[in-house]
Each structure stands twice: as structure tokens, then as C-alpha cells.
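Please open the structure in your viewer and keep the selection tool at hand.

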Amino acid sequence: MDKKSTADRANAQKSSPVSHLVRRLIAAYLAISCLTVAAIIVLSLVAPDQVNSNAWVRGIIVAMTSVLTFVFASRAAAGKPRALLRLRIVVVVLLIAFTAVLIFLPLPVWMKAEQSVCCALLLMTAILIFRR
């Protein structure tokens, strides 16, 4: 009976509008992260004073973690409970990392704004995934 209730919860989670909203929020985070890497490339060619080495490193790291986060969100939306656990852990770690970066890492102003938007998307995600 326990397996049946777990399966029922997983099926309910599959069709949950909250799961789809979480997936959309993480998709936006992924898109912004990839666009940031593209912006870093363009800016380093046309306005190199707007990009520093911290921006390169941070941009690439955020883009890579956004891909993993999207995979976890997609699997969680498909009803996989382990993926939801992974998503919860990753979102908390990322929120802490984003906060620390915003406070301590010298980034260009435009990138601090981008990092703030990503942090807001992750915070909305955290509110939704921890409410369940």
C-alpha cells in the first residue's frame, strides 16, 4: 500500500501546475545564464572594460549549474522524488552562492543585475518546491 501511495503522489506531482511553474522558472534561469555567457563573449570583443576575469568564471559556472538544475527540475516535474530532493539541495546551495557572490565578488554592474535576477528566480523556485 505504501508503494501505491508513493506512485499516486508521483502521478499527482507529474500534472501539478506548480511543477510546471518550477520548470519554467528554472528554464528562465537557464536562458538568462546562457545569454550572459554570450554577452560576456560579445562584450569582451567590443567593450573589454565591461568584463573581468571574475565575470568569465562566474558566467561559465552559472551556465553549467543552470543546465544541471534544469535537468533536476524536469525530472522532478516528471514525478521523480529523488530529482525533487536533488533540486531542493541544489537550489539552497545556489541561493547561498549567489548571495555570497553578490556581496563579495567584484563583478561588473550589469552582471550583478543579472545575478540578482537569477537569484530572484531561484528564490521563487525555492518557495514553490519547499511548500510541498
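Two parts of the molecule are said to be in contact when heavy atoms of one lie within 4.5 Å of heavy atoms of the other. This meaning applies whenever the tour speaks of contact or cover. Please note also that the model is predicted.

**Stop 1: the whole chain**

Display the chain as a cartoon. The secondary structure consists of 5 helices and 0 strands, and the order along the sequence is α-α-α-α-α. The chain has 132 residues, of which 38% count as buried.

**Stop 2: helix α4**

Select residues 81–104, which form helix α4. How far apart are the end C-alpha atoms of α4? They are 35 Å apart, and this agrees with the 34 Å that 24 residues should span at 1.5 Å a residue. Next, colour the buried residues of α4, namely A83, L84, L87, V91, L94, L95, F98 and V101. An α-helix has 3.6 residues a turn, so residues three or four places apart point the same way. Keep this in mind while viewing the coloured side chains.

Then select R82, which also belongs to α4. Is R82 buried or exposed? R82 counts as exposed because its relative accessibility is 58%, and the cut-off for exposed is over 50%. Draw a distance from R82 to F72: the two are 10 residues apart in sequence, and their C-alpha atoms are 8.9 Å apart in space.

**Stop 3: helix α5**

Select residues 109–130, the helix α5. This helix has 22 residues and reaches 31 Å from its first C-alpha to its last, close to the expected 32 Å. Its buried residues are M111, E114, Q115, C118, C119, L121, L122, T125, A126, L128 and I129. What covers them? The cover includes α2 (17–46), α3 (53–77) and α4.

Within α5, pick out A113. At 44% relative accessibility, A113 counts as partly exposed, because that class lies between 20% and 50%. The C-alpha atom of A113 is separated by 9.2 Å from that of L102, a residue 11 positions away along the chain.

**Stop 4: where α4 meets α5**

Show α4 and α5 together. The two helices pack at an angle of about 150°, and their axes are 9 Å apart. Their crossing is left-handed. From α4, the residues making the contact include L84, L87, V91, L95 and F98; from α5, they include Q115, C119, L122, A126 and I129. How many residues of the contact are nonpolar, polar and charged? There are 16 nonpolar, 4 polar and 2 charged residues. R88 of α4 and K112 of α5 are among the residues that make the contact.

**Stop 5**

Select S53, which is found in helix α3. S53 counts as exposed because its relative accessibility is 55%. Although S53 and L107 are 54 residues apart in sequence, their C-alpha atoms are 8.9 Å apart in space.

Finally, select A39 in helix α2. With a relative accessible area of 27%, A39 is partly exposed. The C-alpha atoms of A39 and G59 are separated by 9.6 Å, and the two residues stand 20 positions apart along the chain.

Terms used
Residues numbered from 1 in each chain as written. Predicted model: local features only at pLDDT ≥ 70, side-chain atom pairs only at ≥ 80, totals over all residues. Heavy atoms only, no water. Helix = DSSP H or I, 4+ residues; strand = E, 2+ residues; numbered from the N terminus. Buried < 20%, exposed > 50% of the residue type's maximum accessible area, 1.4 Å probe, protein only. Axes fitted to C-alpha atoms, helices over the stretch in contact; angles between N-to-C directions. Left-handed = near helix turned anticlockwise from the far one by under 90°. Nonpolar A, V, L, I, M, F, W, Y, C, P; charged D, E, K, R; others polar. Expected span 1.5 Å × (residues − 1).
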